[in-house]
Amino acid sequence: MSQRDNLNLSTKQSNTVIQDWRPEDTQFWQQTGQKIASRNLWISIPSLLLAFCVWMLFSAVAVNLNKVGFNFTTDQLFLLTALPSVSGALLRVPYSFVIPIFGGRRWTAISTVFLVIPCIWLGYAVQNPTTSYQTFVIISLLCGFAGANFASSMANISFFFPKARQGGALGLNGGLGNLGVSVMQLVAPFIVGVGVFTFMGGTGTVQPDGSVLWLENAAWIWVPFLLLFTVMAWFGMNDLATNKASLKAQLPVLKRGHLWILSFLYLATFGSFIGFSAGFAMLSKTQFPDVIILKFAFFGPFLGALARPVGGMLSDRFGGVKVTVVNFVVMSIFSGLLFFTLPEQGQGGSFAAFYGVFMVLFLTAGLGSGSTFQMIAVVFRKLTVDRVMSQGATEQEAQKEAVTESAAALGFISAIGAIGGFFIPKAFGTSLTLTGSPADAMKVFFVFYISCVFITWLVYGRKHK
(Lines give C-alpha, C1' and ligand atoms only; values in the text may rest on other atoms or scores of the structure.)
Protein backbone atom coordinates (compact mmCIF):
# COMPACT_ATOMS: atom_id res chain seq x y z
CA MET A 1 0.00 0.00 0.00
CA SER A 2 1.48 3.34 -1.07
CA GLN A 3 1.91 6.39 1.17
CA ARG A 4 -0.83 8.13 -0.79
CA ASP A 5 -3.19 5.19 -0.28
CA ASN A 6 -2.43 5.27 3.44
CA LEU A 7 -3.26 8.97 3.53
CA ASN A 8 -6.54 8.43 1.70
CA LEU A 9 -7.42 5.53 3.99
CA SER A 10 -6.60 7.59 7.08
CA THR A 11 -8.89 10.35 5.82
CA LYS A 12 -11.69 7.87 5.24
CA GLN A 13 -11.31 6.40 8.70
CA SER A 14 -11.07 9.73 10.54
CA ASN A 15 -14.79 10.41 10.21
CA THR A 16 -17.49 8.88 12.37
CA VAL A 17 -18.74 6.97 9.31
CA ILE A 18 -16.09 4.59 7.94
CA GLN A 19 -16.35 3.99 4.20
CA ASP A 20 -13.61 1.37 3.80
CA TRP A 21 -13.67 -1.62 6.16
CA ARG A 22 -11.85 -4.92 5.37
CA PRO A 23 -11.10 -6.77 8.63
CA GLU A 24 -10.23 -10.02 6.80
CA ASP A 25 -7.43 -8.18 4.92
CA THR A 26 -4.37 -8.85 7.12
CA GLN A 27 -2.50 -5.70 6.09
CA PHE A 28 -5.57 -3.51 6.58
CA TRP A 29 -6.28 -5.08 9.96
CA GLN A 30 -2.75 -4.61 11.30
CA GLN A 31 -2.28 -1.06 10.02
CA THR A 32 -5.73 0.42 10.62
CA GLY A 33 -8.54 -1.94 11.48
CA GLN A 34 -7.36 -3.35 14.82
CA LYS A 35 -7.00 0.08 16.46
CA ILE A 36 -10.45 1.23 15.34
CA ALA A 37 -12.11 -2.06 16.27
CA SER A 38 -10.51 -2.02 19.72
CA ARG A 39 -11.68 1.54 20.41
CA ASN A 40 -15.25 0.66 19.47
CA LEU A 41 -15.08 -2.49 21.60
CA TRP A 42 -13.84 -0.68 24.72
CA ILE A 43 -16.61 1.91 24.50
CA SER A 44 -19.20 -0.77 23.76
CA ILE A 45 -18.27 -2.85 26.83
CA PRO A 46 -19.06 -0.29 29.58
CA SER A 47 -22.16 0.84 27.69
CA LEU A 48 -23.39 -2.75 27.66
CA LEU A 49 -22.36 -3.24 31.30
CA LEU A 50 -24.59 -0.31 32.31
CA ALA A 51 -27.42 -1.78 30.25
CA PHE A 52 -27.16 -5.02 32.23
CA CYS A 53 -27.20 -3.00 35.47
CA VAL A 54 -30.51 -1.45 34.46
CA TRP A 55 -31.91 -4.71 33.07
CA MET A 56 -31.44 -6.52 36.36
CA LEU A 57 -32.44 -3.63 38.65
CA PHE A 58 -35.53 -5.41 39.94
CA SER A 59 -33.50 -8.42 41.11
CA ALA A 60 -32.14 -6.10 43.84
CA VAL A 61 -35.12 -3.76 44.20
CA ALA A 62 -37.89 -6.39 44.44
CA VAL A 63 -36.50 -8.06 47.58
CA ASN A 64 -36.65 -4.67 49.35
CA LEU A 65 -40.01 -3.32 48.17
CA ASN A 66 -41.96 -4.63 51.15
CA LYS A 67 -39.37 -3.05 53.46
CA VAL A 68 -40.28 0.44 52.22
CA GLY A 69 -44.05 0.17 52.68
CA PHE A 70 -45.36 -2.09 49.94
CA ASN A 71 -47.24 -5.35 50.48
CA PHE A 72 -46.68 -7.50 47.41
CA THR A 73 -46.87 -11.31 47.40
CA THR A 74 -43.86 -13.54 46.70
CA ASP A 75 -45.26 -14.47 43.28
CA GLN A 76 -45.77 -10.77 42.43
CA LEU A 77 -42.18 -9.99 43.39
CA PHE A 78 -40.85 -12.89 41.31
CA LEU A 79 -42.90 -11.57 38.38
CA LEU A 80 -41.33 -8.12 38.69
CA THR A 81 -37.86 -9.69 38.49
CA ALA A 82 -38.94 -11.70 35.44
CA LEU A 83 -40.77 -9.07 33.37
CA PRO A 84 -37.67 -7.15 32.17
CA SER A 85 -36.59 -10.34 30.46
CA VAL A 86 -39.92 -10.56 28.60
CA SER A 87 -39.67 -7.11 27.06
CA GLY A 88 -35.91 -7.50 26.66
CA ALA A 89 -36.35 -10.74 24.71
CA LEU A 90 -39.12 -9.33 22.49
CA LEU A 91 -37.18 -6.13 21.80
CA ARG A 92 -34.01 -8.04 20.95
CA VAL A 93 -35.72 -9.17 17.74
CA PRO A 94 -35.92 -5.67 16.17
CA TYR A 95 -32.66 -4.69 17.91
CA SER A 96 -31.00 -7.59 16.06
CA PHE A 97 -31.46 -5.81 12.74
CA VAL A 98 -30.94 -2.12 13.59
CA ILE A 99 -27.14 -1.82 13.31
CA PRO A 100 -26.91 -2.17 9.51
CA ILE A 101 -29.82 0.28 9.23
CA PHE A 102 -28.86 3.03 11.71
CA GLY A 103 -25.17 2.40 12.40
CA GLY A 104 -23.47 1.20 15.60
CA ARG A 105 -22.40 4.62 16.88
CA ARG A 106 -25.84 6.22 16.59
CA TRP A 107 -27.71 3.26 17.98
CA THR A 108 -25.38 2.72 20.95
CA ALA A 109 -25.81 6.36 21.98
CA ILE A 110 -29.60 6.39 21.51
CA SER A 111 -30.24 3.07 23.23
CA THR A 112 -27.99 4.03 26.18
CA VAL A 113 -29.54 7.43 26.90
CA PHE A 114 -33.06 5.94 26.78
CA LEU A 115 -32.29 3.91 29.92
CA VAL A 116 -32.26 7.08 31.99
CA ILE A 117 -36.09 7.06 31.83
CA PRO A 118 -36.84 3.84 33.81
CA CYS A 119 -34.03 4.62 36.27
CA ILE A 120 -35.39 8.03 37.23
CA TRP A 121 -39.01 6.82 37.28
CA LEU A 122 -38.22 3.82 39.49
CA GLY A 123 -36.35 6.05 41.94
CA TYR A 124 -39.44 8.17 42.52
CA ALA A 125 -41.89 5.22 42.45
CA VAL A 126 -40.24 3.31 45.34
CA GLN A 127 -40.54 6.38 47.60
CA ASN A 128 -44.33 6.45 47.37
CA PRO A 129 -46.02 3.43 49.07
CA THR A 130 -49.23 4.22 47.16
CA THR A 131 -47.52 3.47 43.83
CA SER A 132 -49.60 0.74 42.20
CA TYR A 133 -48.30 -2.68 41.28
CA GLN A 134 -49.27 -1.92 37.67
CA THR A 135 -46.89 1.06 37.67
CA PHE A 136 -44.03 -1.18 38.77
CA VAL A 137 -44.97 -3.60 36.00
CA ILE A 138 -44.62 -0.79 33.43
CA ILE A 139 -41.26 0.32 34.84
CA SER A 140 -40.11 -3.29 34.91
CA LEU A 141 -41.00 -3.69 31.24
CA LEU A 142 -39.15 -0.46 30.40
CA CYS A 143 -36.06 -1.88 32.08
CA GLY A 144 -36.29 -4.59 29.44
CA PHE A 145 -35.10 -2.09 26.83
CA ALA A 146 -31.72 -2.39 28.52
CA GLY A 147 -31.67 -6.12 27.89
CA ALA A 148 -32.36 -5.55 24.20
CA ASN A 149 -29.12 -3.56 23.93
CA PHE A 150 -27.21 -6.83 24.06
CA ALA A 151 -28.50 -7.89 20.63
CA SER A 152 -27.51 -4.68 18.89
CA SER A 153 -24.20 -4.43 20.76
CA MET A 154 -23.08 -7.96 19.86
CA ALA A 155 -24.18 -7.56 16.24
CA ASN A 156 -22.27 -4.29 16.02
CA ILE A 157 -19.02 -5.69 17.42
CA SER A 158 -19.23 -8.71 15.10
CA PHE A 159 -18.90 -6.34 12.12
CA PHE A 160 -15.60 -4.88 13.38
CA PHE A 161 -13.57 -8.07 13.89
CA PRO A 162 -12.28 -10.76 11.51
CA LYS A 163 -13.79 -14.20 11.97
CA ALA A 164 -10.62 -15.56 13.58
CA ARG A 165 -10.97 -13.02 16.42
CA GLN A 166 -14.72 -12.97 16.80
CA GLY A 167 -14.89 -15.51 19.61
CA GLY A 168 -12.59 -13.44 21.82
CA ALA A 169 -14.10 -10.07 20.88
CA LEU A 170 -17.71 -11.18 21.33
CA GLY A 171 -16.72 -12.98 24.53
CA LEU A 172 -15.20 -9.79 25.95
CA ASN A 173 -18.12 -7.62 24.90
CA GLY A 174 -20.73 -10.05 26.18
CA GLY A 175 -18.82 -11.29 29.21
CA LEU A 176 -17.67 -7.95 30.58
CA GLY A 177 -21.05 -6.51 29.64
CA ASN A 178 -22.69 -9.28 31.65
CA LEU A 179 -20.64 -8.11 34.63
CA GLY A 180 -23.26 -5.38 34.93
CA VAL A 181 -25.48 -7.90 36.73
CA SER A 182 -22.96 -8.51 39.50
CA VAL A 183 -21.86 -4.86 39.57
CA MET A 184 -25.46 -3.83 40.18
CA GLN A 185 -25.99 -6.51 42.84
CA LEU A 186 -22.73 -5.49 44.54
CA VAL A 187 -23.35 -1.74 44.41
CA ALA A 188 -27.08 -1.73 45.23
CA PRO A 189 -26.89 -3.14 48.81
CA PHE A 190 -24.22 -0.56 49.66
CA ILE A 191 -25.66 2.50 47.95
CA VAL A 192 -29.18 2.07 49.42
CA GLY A 193 -27.68 2.72 52.84
CA VAL A 194 -26.28 6.16 51.92
CA GLY A 195 -28.27 9.34 51.32
CA VAL A 196 -26.38 10.51 48.23
CA PHE A 197 -29.37 11.75 46.21
CA THR A 198 -31.26 13.90 48.68
CA PHE A 199 -30.83 16.81 46.26
CA MET A 200 -33.06 14.90 43.79
CA GLY A 201 -35.78 14.42 46.37
CA GLY A 202 -34.60 11.16 47.90
CA THR A 203 -36.21 10.67 51.31
CA GLY A 204 -35.32 7.17 52.46
CA THR A 205 -37.38 4.87 54.70
CA VAL A 206 -36.57 4.24 58.37
CA GLN A 207 -36.22 0.52 59.16
CA PRO A 208 -37.17 -1.27 62.43
CA ASP A 209 -33.52 -1.32 63.52
CA GLY A 210 -33.25 2.47 63.11
CA SER A 211 -31.28 2.42 59.87
CA VAL A 212 -32.50 4.25 56.76
CA LEU A 213 -33.09 2.45 53.44
CA TRP A 214 -32.61 4.74 50.42
CA LEU A 215 -34.02 2.28 47.86
CA GLU A 216 -34.25 4.97 45.18
CA ASN A 217 -30.44 5.05 45.06
CA ALA A 218 -30.38 1.58 43.49
CA ALA A 219 -31.92 3.14 40.35
CA TRP A 220 -30.52 6.66 40.39
CA ILE A 221 -26.87 5.69 40.81
CA TRP A 222 -26.67 4.63 37.15
CA VAL A 223 -28.01 7.86 35.61
CA PRO A 224 -24.75 9.91 35.52
CA PHE A 225 -22.83 6.95 34.07
CA LEU A 226 -25.47 6.39 31.39
CA LEU A 227 -25.19 10.02 30.36
CA LEU A 228 -21.37 9.85 30.32
CA PHE A 229 -21.21 6.81 28.05
CA THR A 230 -23.91 8.19 25.78
CA VAL A 231 -21.52 11.05 25.04
CA MET A 232 -18.56 8.68 24.66
CA ALA A 233 -20.46 6.47 22.23
CA TRP A 234 -21.59 9.42 20.15
CA PHE A 235 -18.13 10.96 19.82
CA GLY A 236 -15.88 7.89 20.12
CA MET A 237 -17.52 5.09 18.14
CA ASN A 238 -17.96 4.60 14.39
CA ASP A 239 -20.64 3.66 11.89
CA LEU A 240 -19.60 1.26 9.11
CA ALA A 241 -21.01 2.33 5.74
CA THR A 242 -19.79 -0.91 4.15
CA ASN A 243 -22.17 -2.96 6.30
CA LYS A 244 -25.33 -1.02 5.61
CA ALA A 245 -28.23 -3.39 4.87
CA SER A 246 -31.98 -3.09 4.76
CA LEU A 247 -34.31 -5.08 6.98
CA LYS A 248 -35.39 -7.05 3.90
CA ALA A 249 -31.80 -8.12 3.26
CA GLN A 250 -31.44 -9.46 6.80
CA LEU A 251 -34.79 -11.26 7.27
CA PRO A 252 -33.89 -14.42 5.25
CA VAL A 253 -31.82 -15.53 8.26
CA LEU A 254 -35.11 -16.46 9.96
CA LYS A 255 -35.55 -19.26 7.40
CA ARG A 256 -32.36 -21.05 8.42
CA GLY A 257 -32.97 -24.20 10.44
CA HIS A 258 -29.73 -23.77 12.38
CA LEU A 259 -31.01 -20.46 13.70
CA TRP A 260 -33.64 -22.26 15.75
CA ILE A 261 -31.38 -25.10 16.89
CA LEU A 262 -28.71 -22.70 18.08
CA SER A 263 -31.40 -20.55 19.72
CA PHE A 264 -32.42 -23.58 21.79
CA LEU A 265 -28.82 -24.11 22.93
CA TYR A 266 -28.28 -20.45 23.71
CA LEU A 267 -31.49 -20.42 25.74
CA ALA A 268 -29.92 -23.13 27.93
CA THR A 269 -26.73 -21.13 28.50
CA PHE A 270 -27.38 -17.40 28.45
CA GLY A 271 -31.02 -17.97 29.39
CA SER A 272 -29.83 -19.79 32.49
CA PHE A 273 -27.31 -17.07 33.32
CA ILE A 274 -29.80 -14.23 33.12
CA GLY A 275 -32.64 -16.27 34.65
CA PHE A 276 -30.57 -17.32 37.65
CA SER A 277 -29.30 -13.74 37.99
CA ALA A 278 -32.87 -12.45 38.11
CA GLY A 279 -34.27 -15.09 40.45
CA PHE A 280 -31.43 -16.28 42.67
CA ALA A 281 -31.82 -13.64 45.40
CA MET A 282 -35.58 -14.17 45.71
CA LEU A 283 -35.20 -17.97 45.60
CA SER A 284 -32.53 -17.92 48.31
CA LYS A 285 -34.70 -15.70 50.49
CA THR A 286 -37.60 -18.18 50.28
CA GLN A 287 -35.44 -21.24 51.03
CA PHE A 288 -33.06 -19.75 53.59
CA PRO A 289 -34.82 -16.71 55.10
CA ASP A 290 -32.24 -16.27 57.85
CA VAL A 291 -29.47 -15.59 55.33
CA ILE A 292 -28.99 -11.97 54.17
CA ILE A 293 -28.60 -13.03 50.55
CA LEU A 294 -27.89 -9.60 49.04
CA LYS A 295 -24.45 -9.79 50.61
CA PHE A 296 -23.66 -12.85 48.47
CA ALA A 297 -25.94 -12.60 45.42
CA PHE A 298 -23.47 -10.67 43.27
CA PHE A 299 -20.83 -13.41 43.15
CA GLY A 300 -22.74 -15.82 40.89
CA PRO A 301 -23.32 -13.31 38.07
CA PHE A 302 -19.72 -12.17 38.57
CA LEU A 303 -18.41 -15.71 37.94
CA GLY A 304 -20.70 -16.20 34.96
CA ALA A 305 -19.70 -12.91 33.36
CA LEU A 306 -15.98 -13.61 33.75
CA ALA A 307 -16.46 -17.11 32.35
CA ARG A 308 -18.13 -15.90 29.16
CA PRO A 309 -14.99 -14.53 27.43
CA VAL A 310 -13.13 -17.63 28.58
CA GLY A 311 -15.78 -19.73 26.83
CA GLY A 312 -15.26 -17.74 23.64
CA MET A 313 -11.47 -18.04 23.76
CA LEU A 314 -11.55 -21.76 24.58
CA SER A 315 -13.89 -22.25 21.65
CA ASP A 316 -11.56 -20.36 19.31
CA ARG A 317 -8.82 -22.80 20.34
CA PHE A 318 -10.59 -26.16 20.81
CA GLY A 319 -13.84 -25.67 18.90
CA GLY A 320 -17.18 -24.39 20.16
CA VAL A 321 -18.88 -27.78 19.86
CA LYS A 322 -16.48 -29.61 22.18
CA VAL A 323 -16.54 -26.87 24.79
CA THR A 324 -20.34 -26.63 24.65
CA VAL A 325 -20.93 -30.38 24.99
CA VAL A 326 -18.67 -30.67 28.05
CA ASN A 327 -20.30 -27.59 29.52
CA PHE A 328 -23.82 -29.01 29.18
CA VAL A 329 -22.72 -32.25 30.84
CA VAL A 330 -21.50 -30.28 33.88
CA MET A 331 -24.71 -28.21 33.94
CA SER A 332 -26.77 -31.41 33.94
CA ILE A 333 -24.80 -32.91 36.82
CA PHE A 334 -25.00 -29.84 39.06
CA SER A 335 -28.66 -29.12 38.35
CA GLY A 336 -29.25 -32.65 39.64
CA LEU A 337 -27.12 -32.05 42.73
CA LEU A 338 -29.20 -29.00 43.61
CA PHE A 339 -32.08 -31.21 44.77
CA PHE A 340 -29.96 -32.49 47.66
CA THR A 341 -29.32 -28.98 49.01
CA LEU A 342 -32.92 -27.80 49.39
CA PRO A 343 -34.85 -27.83 52.69
CA GLU A 344 -38.02 -29.93 52.89
CA GLN A 345 -41.05 -28.27 54.46
CA GLY A 346 -38.77 -25.64 55.96
CA GLN A 347 -36.48 -28.21 57.60
CA GLY A 348 -32.96 -29.32 56.71
CA GLY A 349 -31.13 -28.20 53.62
CA SER A 350 -27.70 -26.62 53.42
CA PHE A 351 -27.21 -23.03 52.33
CA ALA A 352 -23.47 -23.60 51.82
CA ALA A 353 -24.12 -26.53 49.46
CA PHE A 354 -27.02 -24.69 47.77
CA TYR A 355 -24.83 -21.65 47.20
CA GLY A 356 -21.86 -23.73 45.99
CA VAL A 357 -23.94 -25.66 43.45
CA PHE A 358 -25.47 -22.46 42.13
CA MET A 359 -22.01 -20.89 41.75
CA VAL A 360 -21.03 -23.77 39.46
CA LEU A 361 -24.27 -23.33 37.50
CA PHE A 362 -23.53 -19.60 37.11
CA LEU A 363 -19.98 -20.42 36.00
CA THR A 364 -21.07 -22.98 33.40
CA ALA A 365 -23.96 -20.81 32.18
CA GLY A 366 -21.46 -18.03 31.48
CA LEU A 367 -18.89 -20.35 29.91
CA GLY A 368 -21.56 -21.90 27.69
CA SER A 369 -22.83 -18.48 26.65
CA GLY A 370 -19.40 -17.73 25.20
CA SER A 371 -18.98 -21.11 23.50
CA THR A 372 -22.45 -21.20 21.94
CA PHE A 373 -22.05 -17.64 20.65
CA GLN A 374 -18.78 -18.66 19.00
CA MET A 375 -20.61 -21.60 17.41
CA ILE A 376 -23.25 -19.26 16.00
CA ALA A 377 -20.67 -17.05 14.29
CA VAL A 378 -18.70 -20.01 12.86
CA VAL A 379 -21.73 -22.00 11.68
CA PHE A 380 -23.47 -19.08 9.97
CA ARG A 381 -20.30 -17.77 8.33
CA LYS A 382 -19.57 -21.20 6.80
CA LEU A 383 -23.14 -21.98 5.75
CA THR A 384 -23.68 -18.57 4.18
CA VAL A 385 -20.38 -18.52 2.27
CA ASP A 386 -20.98 -22.03 0.90
CA ARG A 387 -24.56 -21.22 -0.12
CA VAL A 388 -23.81 -17.88 -1.79
CA MET A 389 -20.73 -19.13 -3.65
CA SER A 390 -22.70 -22.13 -4.95
CA GLN A 391 -25.01 -19.58 -6.58
CA GLY A 392 -22.10 -18.14 -8.60
CA ALA A 393 -21.15 -15.20 -6.39
CA THR A 394 -17.55 -14.17 -5.78
CA GLU A 395 -15.85 -14.94 -2.48
CA GLN A 396 -15.87 -11.23 -1.55
CA GLU A 397 -19.64 -11.03 -2.15
CA ALA A 398 -20.17 -14.23 -0.17
CA GLN A 399 -18.09 -12.94 2.75
CA LYS A 400 -20.05 -9.67 2.87
CA GLU A 401 -23.41 -11.51 2.96
CA ALA A 402 -22.01 -13.90 5.57
CA VAL A 403 -21.07 -10.99 7.84
CA THR A 404 -24.56 -9.47 7.55
CA GLU A 405 -26.36 -12.78 8.07
CA SER A 406 -24.13 -13.80 11.00
CA ALA A 407 -24.73 -10.48 12.75
CA ALA A 408 -28.49 -10.81 12.30
CA ALA A 409 -28.35 -14.40 13.59
CA LEU A 410 -26.30 -13.39 16.63
CA GLY A 411 -28.81 -10.71 17.53
CA PHE A 412 -31.91 -12.81 16.95
CA ILE A 413 -30.57 -15.82 18.85
CA SER A 414 -29.70 -13.54 21.76
CA ALA A 415 -33.39 -12.58 21.82
CA ILE A 416 -34.41 -16.20 22.31
CA GLY A 417 -31.80 -16.64 25.04
CA ALA A 418 -33.16 -13.67 26.97
CA ILE A 419 -36.50 -15.45 27.42
CA GLY A 420 -34.78 -17.56 30.08
CA GLY A 421 -34.69 -14.45 32.22
CA PHE A 422 -38.48 -14.66 32.40
CA PHE A 423 -39.10 -18.39 32.54
CA ILE A 424 -36.59 -19.29 35.24
CA PRO A 425 -37.72 -16.85 37.98
CA LYS A 426 -41.34 -17.32 36.92
CA ALA A 427 -40.92 -21.12 37.11
CA PHE A 428 -39.44 -20.78 40.60
CA GLY A 429 -42.33 -18.56 41.70
CA THR A 430 -44.99 -20.85 40.25
CA SER A 431 -43.39 -23.98 41.69
CA LEU A 432 -43.19 -22.37 45.14
CA THR A 433 -46.84 -21.24 44.95
CA LEU A 434 -48.13 -24.68 43.90
CA THR A 435 -45.89 -27.00 45.93
CA GLY A 436 -43.97 -24.85 48.41
CA SER A 437 -40.69 -25.96 46.82
CA PRO A 438 -38.66 -25.00 43.71
CA ALA A 439 -37.87 -28.68 43.04
CA ASP A 440 -40.41 -29.12 40.23
CA ALA A 441 -38.90 -26.17 38.35
CA MET A 442 -35.42 -27.65 38.73
CA LYS A 443 -36.63 -30.98 37.30
CA VAL A 444 -37.56 -29.19 34.10
CA PHE A 445 -34.15 -27.50 33.92
CA PHE A 446 -32.40 -30.82 34.55
CA VAL A 447 -34.14 -32.50 31.59
CA PHE A 448 -33.54 -29.42 29.45
CA TYR A 449 -29.76 -29.49 30.00
CA ILE A 450 -29.54 -33.23 29.27
CA SER A 451 -31.41 -32.73 25.98
CA CYS A 452 -28.91 -30.00 25.03
CA VAL A 453 -26.01 -32.43 25.45
CA PHE A 454 -27.51 -34.78 22.86
CA ILE A 455 -28.67 -32.05 20.46
CA THR A 456 -25.25 -30.35 20.40
CA TRP A 457 -23.43 -33.60 19.74
CA LEU A 458 -25.86 -35.11 17.25
CA VAL A 459 -26.31 -31.97 15.13
CA TYR A 460 -22.82 -30.45 15.30
CA GLY A 461 -20.42 -32.80 17.10
CA ARG A 462 -20.31 -35.61 14.55
CA LYS A 463 -19.80 -33.13 11.70
CA HIS A 464 -17.18 -30.95 13.38
CA LYS A 465 -14.84 -33.35 15.17
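Student: Buried means under 20% relative accessible area, exposed means over 50%, and partly exposed lies in between (1.4 Å probe, protein chains only). Which class does Arg22 fall into?

Tutor: Arg22 is partly exposed, since its relative accessible area is 29%. Please note that this is a predicted model, in which local features need pLDDT of at least 70 and side-chain atom pairs count only at pLDDT 80 or more, while totals for chains, interfaces and linings use all residues. Residues are numbered from 1 along each chain as its sequence is written, and side-chain values use heavy atoms, with hydrogens and water left out.

Student: What does the side chain of Arg22 form with Asp20?

Tutor: The two side chains form a salt bridge, with an N to O distance of 3.0 Å. The term requires a side-chain nitrogen of Lys or Arg within 4 Å of a carboxyl oxygen of Asp or Glu. In general, side chains of opposite charge can pair when their charged atoms come close.

Student: Is Asp20 buried or exposed?

Tutor: Asp20 is buried, because its relative accessible area is 16%.

Student: Which residues are linked with Arg22 in a network?

Tutor: Asp20 and Asp25 are linked with Arg22 in a network of salt bridges. The Arg22 to Asp25 bridge has an N to O distance of 2.8 Å. Asp25 is partly exposed, because its relative accessibility is 30%.

Student: How many salt bridges does that rule give?

Tutor: The count comes to six. One of them joins Asp239 and Arg105, whose closest N and O atoms are 3.4 Å apart. This pair links distant parts of the chain, 134 residues apart: Asp239 belongs to strand β4 (residues 239-240) and Arg105 to helix α6 (residues 104-113). Here helices (H or I, at least four residues) and strands (E, at least two) are DSSP runs numbered from the N terminus.

Student: And is Asp239 buried or exposed?

Tutor: Asp239 is buried, because its relative accessibility is 1%.

Student: Changing topic: how do α15 and α16 cross?

Tutor: The axes of helix α15 (residues 320-337) and helix α16 (residues 351-390) come within 9 Å and cross at roughly 155°. Therefore α15 is roughly antiparallel to α16. Angles under 35 degrees count as roughly parallel, over 145 as roughly antiparallel, 65 to 115 as roughly perpendicular and the rest as oblique. The axes are lines fitted to C-alpha atoms, for helices over the stretch in contact, and the angles run from 0 to 180 degrees between N-to-C directions.

Student: What is the handedness of that crossing?

Tutor: The crossing of α15 and α16 is left-handed.

Student: How do α13 and α16 cross?

Tutor: The axes of α13 (residues 257-287) and α16 come within 9 Å and cross at roughly 155°, so these two helices are roughly antiparallel. The crossing of α13 and α16 is left-handed.

Student: What about the loop between α15 and α16: is Glu344 buried or exposed there?

Tutor: Glu344, in the loop between α15 and α16, is exposed, because its relative accessibility is 62%. The C-alpha atoms of Glu344 and Thr73 are separated by 21 Å, and the two residues are 271 residues apart along the chain.

Student: Which residues form a nonpolar patch on the surface?

Tutor: Val310, Met313, Leu314 and Phe318 form it, with about 340 Å² of accessible area together. Patches are made of residues with over 30% relative accessible area and no salt bridge; like charges are joined within 9 Å, and nonpolar side chains (Val, Leu, Ile, Met, Phe, Trp, Tyr) within 5 Å. Accessible areas come from the Shrake-Rupley method with a 1.4 Å probe, and for residues only the protein chains shown count as cover.

Student: Where is Met313 found?

Tutor: Met313 is in helix α14 (residues 299-318). This residue counts as partly exposed because its relative accessibility is 45%.

Terms used:
A crossing is left-handed if the near helix is turned anticlockwise from the far one by less than a right angle, and right-handed if clockwise.
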